Amino acid sequence: MISALVASDFATPHVDYHALAPEIVLGVGICLLIVLDLFLAESRKWLVSTVAGLILLGAVLPVVTLGVIGSDVRSMFDGRYVIDNFSLVLKALFLLSGYVVVLMSSRDTEERTPYQGEYYTLLLTSIMGMVMMASARDLVSVFVALEFLSIPAYMLAAWRKRDSKSNEAGMKYFLLGVFASAVMLYGMSLLYGVTGSTRLVDIGQAVTGTDHLVGVQVLGIVFVIVGFAFKVSAVPFHTWAPDVYQGAPTPITAFLSVASKAAGFVALSLLVFLAFPAAKSVYEPFLWVLAAVTITVGNLLALKQKNIVRMLAYSSVSQGGFILMPLAVAGTGDARTSLRAVVVYLIIYAATNLGAFAVVMAVSRKTHSGEIASYGGLFNYAPGLAAVMTLFLASLAGIPPFGGWYAKFGAFKAVLEARTGAAYTLAVIAAVNTVVSAAYYITLMREMWMKPAPDGDESPVRVPRNLVAALVITGVATLAFGVLPGFSGYGAITGLAGAFGR
Amino acid sequence: MSQFLREYLTVFWFAVLALLLAGLLLGISALVRPNKPTAQKLLAYESGVDPIGDGWSQSQVRYYFFALLFVIFDVEAVFIFPWATQLERYGTFGLVEMGIFVFVLLLGLVYAWRKGALRWV
């Protein structure tokens, strides 16, 4: 084996620079940020956040040109790194939600932490890992992308150095993340042992879930899924989520609950649709249980929360269950519908959840509290914020005509199209939970609209411009996806999302 | 017995042999040698020094930075050596790739230098 490797002639791999342009822009940008931070005077450090935002927008540009030029699949390194429509849509999602996080942080970090350069460098590094994840079509590149996006996130979670809660967040996230990586690696090594290849497509042909070595196959599949279930905080692997979300700086919480989670779902979809399509008898029941338990437990725990960030944390756990739902019927139902439902849900959920966290940040500038009770009287002194927050909460609850409704509609549609008893049961469980979830979203709405301010202080909130921009972007996206699900650009996006290139 | 297990049989026999040999040598010496323990014999032998203070000793936290910096160069070496042996084969492509790799690591060093991690305060 080794002698064969040495003897074979090295062929320069074909590199498609246009297809790699988003990654190249990000990579060069990260190097630039480090240097900029080192040689910039303390009084001009604000430049760093501006440059970080520009780099992200600069990386969106090639994604757009690639999308406009055509739908041909660009494959590199023997199909181990593929740029297709699915990956383009998700790259745009990761970069834009990263941009919103930069908008949200530029005020927050200036006030709370002196390490601006490192903060944005790590944030961009993590986003680069996600962008790589969207294109990875090989166990090794999936794993490298996963570590690329996780390791900076561990540090970012612990960013408030002097705050013991933030330290706890970083530590918990790190330990559980590493544990999940270890489990996943073990699963990957088993899969490689069974199939003799690390390419997802090859694994998809070899893993059937029926023939000999079926026990090893099942172990491999389950371990890999468990690894990513940690990443997407599916119950019972969710225990880190509320503590980490509460302790981390709020923009990072938004980032983790949206982008990092989306990256986990991207990896899960890659595995389910490319690596395990023939093994649906193995992954479907497993994901079915995960989805049902995640939705239910997330909701029940969210009902009891008194802190808004913890409530949003459990709500995001439960939303993750809805995204797992189409994956749980990916084999029996229509694969394209399921994949499209996952991607659409990720996009809409990203806009909505980022927006909700932006409002939380804006309000906490005045109240300095995360308690749900502190939202009393918000409508009286900040009607705009209350209205926008209502929009986001209604979208999360799935009330028409906001984006979340359309996302949930897609997920239910995918499940119902599977036409099996298990699928119908899952749909019923999810439907009941949708009603339950409305309870805690509406509790917060009632607090904002009907209760008086708890301390009687009704001076208006000063919302910085960056935060306003973030709110406008996420608010418009949330509204547009719900009101105009048929408008042409959006239809094109969802159409694009429905297929993998090989 | 499958072929797979048969190949591991060698490993098994080696393990048995190692255990036997070690047990035999220690066992014989235990039987043969006289046993007269004294306090003197329990002291550190020849080159050893009597331990002073707690087992929970502290070391300079500053060494930690140097350990991290060492990792930068260590990783660099791990990748450069195998690359250097096949330099001609990889050609210009390999050279550019390695240039990028070394540049990124150098950036780390520049960062450490500007932040004052190289100064012994």
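Helix α6 (residues 139-157) of chain A packs against helix α11 (residues 250-275) of chain A at an angle of about 165°, with the axes 11 Å apart. That angle makes α6(A) roughly antiparallel to α11(A). This is a predicted model, in which local features need pLDDT of at least 70, side-chain atom pairs count only at pLDDT 80 or more, and totals for chains, interfaces and linings use all residues. Residues are numbered from 1 along each chain as its sequence is written, while chains are lettered from A and ligands numbered from 1 in the order in which they are written.

**Terms**
- Helices are DSSP runs (H or I, at least four residues), numbered from the N terminus.
- Axes are lines fitted to C-alpha atoms over the stretch in contact, and angles run from 0 to 180 degrees between N-to-C directions.
- Angles under 35 degrees count as roughly parallel, and over 145 as roughly antiparallel.
- Contact means C-beta atoms, placed from the backbone, within 7 Å.
- Ala, Val, Leu, Ile, Met, Phe, Trp, Tyr, Cys and Pro count as nonpolar, Asp, Glu, Lys and Arg as charged, and the others, Gly among them, as polar.

**α6 and α11, chain A**
- On the α6(A) side, the contact residues include Val142(A), Leu146(A) and Leu149(A).
- Their α11(A) counterparts include Ile252(A), Leu256(A) and Ser260(A).
- By class, this contact has 11 nonpolar, one polar and no charged residues.

**α3 and α5, chain A**
- The axes of helix α3 (residues 46-69) of chain A and helix α5 (residues 116-135) of chain A come within 9 Å and cross at roughly 15°.
- α3(A) and α5(A) are therefore roughly parallel to each other.
- Val48(A), Ser49(A), Ala52(A) and Ile55(A) of α3(A) meet Gln116(A), Gly117(A), Tyr120(A) and Leu124(A) of α5(A).
- Five of these contact residues are nonpolar, three are polar and none is charged.

**α17 and α18, chain A**
- Helix α17 (residues 403-416) of chain A and helix α18 (residues 421-450) of chain A pack at about 160°, with axes 8 Å apart.
- α17(A) and α18(A) are therefore roughly antiparallel to each other.
- Lys408(A) and Phe412(A) are among the α17(A) contact residues, and Ala423(A) and Leu426(A) among those of α18(A).
- The classes here are seven nonpolar, one polar and one charged.

**Chain B and the interface**
- Helix α3 (residues 87-114) of chain B has a kink of about 70°, centred on Phe93(B).
- Five residues of chain A contact eight residues of chain B.
- The chain A side has four nonpolar, one polar and no charged residues.

Conventions:
Helices (H or I, at least four residues) and strands (E, at least two) are DSSP runs, numbered from the N terminus. Angles under 35 degrees count as roughly parallel, over 145 as roughly antiparallel, 65 to 115 as roughly perpendicular and the rest as oblique. Two residues are in contact if their C-beta atoms, placed from the backbone, lie within 7 Å. The bend at a residue is the angle between axes fitted to the seven residues ending there and the seven starting there.
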